[in-house]
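Hello,

Here is the structure I promised to pass on to you. Have a look at it first, and then read on for what I found.

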Amino acid sequence: MSDLAWVVPMPVVVPLFAAGLALALYRRPSLQRIVSVTALSVVLAASVTLLVVVDDGPLVVDVGGWAAPVGIDLVADRLSALMLTISSAVTLCVLLYSLAQGNEDDEESAPISIFHPTYLVLAAGVADAFLSGDLFNIYVGFEILLAASFVLLTLGGTGERIRAGTIYVVVALLSSVLFLVAIAMIYAACGTVNLAQLALRLPEIDPGVRLVLQVLLILAFAIKAAIFPLSAWLPDSYPTAPAPVTAVFAGLLTKVGVYAIIRTQTLLFPDGRLDDVLMWLALATMVVGILGAVAQDDIKRLLSFTLVSHIGYMVFGIALSTDEGWTASIYYVAHHITVQTALFLVVGLVERAGGSTSLTKLGGLAKLTPVLAILFFVPAMNLAGIPPLSGFLGKVGLLEAGVAEGTPLAYVLVVGSVVTSLLTLYALVKAWNKAFWQTPPVERPPVRLPFGMVGPAGALVAVGLTLTLAAGPLYAYTGRAAVALTERTPYIDAVLPDGERGTGESARLTDVAESGAHEGSDG
Amino acid sequence: MSPNIVLVVTIAVLFTVGVYLLLERSLSRVLIGVILVGNGANLLFLVAGGAAGGPPIVGVTDDGEMSDPLPQAMVLTAIVITLGMTAFLLAMAYRSWQLHRHDEVQDDVEDRRIARLAAIDELAVSDSDEEGPTKTLDEEAAETRDETDEGHPAAEVTR
């Protein structure tokens, strides 16, 4: 299957080139749109191809032909291919939505010319973080997507966006520095930043040092994934951005952090020494997050708090450290990306139809736009976990995994996640009652919602439903991904076939380096 | 190999001062804090790279005396990234000053509203038709000041 290895870099390379092209075409908005849509469609096609192909085994590309531990490698295994597929589907839908919004609104409210290149760079950064087989390259991927997200979050530079953006930027930079410190210390301890080689070398170093490295990495990723108590920045900064931007941030950026935690916990630190701590963090994230959501009046902030809360479910699955836990966690990530993005897109439509996002000012939308009511109701119930939707399936998977673990702490988490699920239902039903059923404080004129915006939002809701219909095969797929994660050997063997070096062409230099006394480094 | 003590002390000082500045209200000071902490991390890479040596070029330096090029490559990448981020933060601080005549990092405005409602024991979402907050978030962000009292409130400044 290695003849398809050229597909692996596509999700990173295509959007980056398209971003340059889109920037050059800033005077030609129509061409820009064609470039962006084409690029993200290609990425989606490449991701689906990878999803199918890597089911037979991971695909590895040594970038530039340099063999793995020296050069940078891109690895597509089941986990990263699944993440890529979901994220590229979501980015494409959000792009189409924002195109329609750009058509409807004047250019002043959303400067389209900078939006497209930045959005493509964001997509490339997310893909790079998912595909990278090298810790430092993950850092670079994070920085790419963060730099793009800074620009998207402060589009237009209004007072409120600058205020919220400041906090977001400073927190993001702080987590990047923490990540950088972790990388430096890992390099000092192991002499490599290649994930596969680290997986081989980390067990050999002092357990105390290993624990420090693990804590540092988790700390850096927990800020990005918005795990309590490092989640305070999220509900503050996300809601002020334009609706499509909030939607894609909510769907993807925190999940990149969750992905990084899954990858490092399985591959680098399989002994699970922080599992109990993660359990407590998961519980606190779920409960504190959802209690925050209950208190909110602004529907965008309410959804941001549910986002934080549901990160807790994924951390719960991660903290279980069993095949069942990973399986449910990965399925939950896929479910949550689609449902959360769909909800934020629908809230963008609610804002158009109702003229506000404050629940006190909204009302009567069910009568005004019944389509919108359905579009909100389905993902809302999905998020709360009403059977038979995918949110229910993911939660059942997590609960089963928790019960199978059987420790008192796992049972506490099981109870906590059920309570959180009920509170989510409460918060969302409250939002539903206020926005769709209560008598509107001010009568609104009937609005026509542009099909270009309803369509992508509906498509994402449909993707969420597909996750339910295709739950059997998908759950089996995440199960196989989880087994491969626990075994670790498929990943390591694919990157370093002989246990030493990748398949690149730098073999001649190896001899030179090995003859020297170059201790501690990887030559 | 024992690391260079000068480097280690410098890193410690950079991190201490940087963290202190990060906790300030003014974005310019936060920015300097970010730069200092970032440079501390960069120096940490130099320590991670092991003892200093000759340029790592085959044929120029003996294999045993080469310095490790990989951390230096990583530091270069990190420096470039920090440069870009610094430029963006500077632009944000300037924009904030343009809008409000200060570059204060403010607390969450919406949080403040909810806290106010809680203080007067009011439901966050009331069912009556009474008026909600009359100001938009943008206006409130412009008027709110947290701890610093340097500069002038935005209202007094002619735009």
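A residue is taken as buried if 20 or more other C-beta atoms lie within 10 Å of its own. By that criterion, buried residues account for 30% of the 159 residues in chain B. Please keep in mind that this is a predicted model.

Let me stay with chain B for a moment. Its sequence runs through the pattern α-α-α-α-α, with five helices and zero strands. If you take the contacts in chain B between residues at least 6 apart in sequence, 58% of them join residues at least 24 apart.

Next, the contact of the two chains. Chain B brings 46 residues to it and chain A brings 44. On the side of chain B that touches chain A, at least two residues each come from helix H2 (27-48), helix H3 (69-100), helix H4 (109-119) and helix H5 (137-143) of chain B. Which of them gives the most? That is H3(B), with 15 residues. By class, this side of chain B holds 29 nonpolar, ten polar and seven charged residues.

On the H12(A) side, the residues in contact include Leu303(A), Leu307(A), His310(A), Tyr313(A) and Met314(A). H13(A) contributes, among others, Trp326(A), Tyr332(A), His336(A), Leu343(A) and Phe344(A). Sorted by class, the contact of H12(A) with H13(A) has 15 nonpolar, six polar and one charged residues.

The second pair is helix H16 (residues 390-405) of chain A and helix H17 (residues 408-437) of chain A, which pack at an angle of about 160° with their axes 8 Å apart. H16(A) and H17(A) are therefore roughly antiparallel to each other as well, and H16(A) passes H17(A) in a left-handed crossing. From H16(A), the contact uses Lys395(A), Leu398(A), Leu399(A), Gly402(A), Val403(A) and Glu405(A). Facing them from H17(A) are Ala410(A), Leu413(A), Val414(A), Ser417(A) and Ser421(A). Here the classes come to six nonpolar, three polar and two charged residues.

Best wishes

Definitions and conventions:
Residues are numbered from 1 along each chain as its sequence is written. Chains are lettered from A and ligands numbered from 1 in the order in which they are written. This is a predicted model: local features need pLDDT of at least 70, side-chain atom pairs count only at pLDDT 80 or more; totals for chains, interfaces and linings use all residues. Two residues are in contact if their C-beta atoms, placed from the backbone, lie within 7 Å. Helices (H or I, at least four residues) and strands (E, at least two) are DSSP runs, numbered from the N terminus. Ala, Val, Leu, Ile, Met, Phe, Trp, Tyr, Cys and Pro count as nonpolar, Asp, Glu, Lys and Arg as charged, and the others, Gly among them, as polar. Axes are lines fitted to C-alpha atoms, for helices over the stretch in contact, and angles run from 0 to 180 degrees between N-to-C directions. Angles under 35 degrees count as roughly parallel, over 145 as roughly antiparallel, 65 to 115 as roughly perpendicular and the rest as oblique. A crossing is left-handed if the near helix is turned anticlockwise from the far one by less than a right angle, and right-handed if clockwise. A residue is buried if 20 or more other C-beta atoms lie within 10 Å of its own, exposed if 12 or fewer, and partly exposed in between; C-beta atoms are placed from the backbone.
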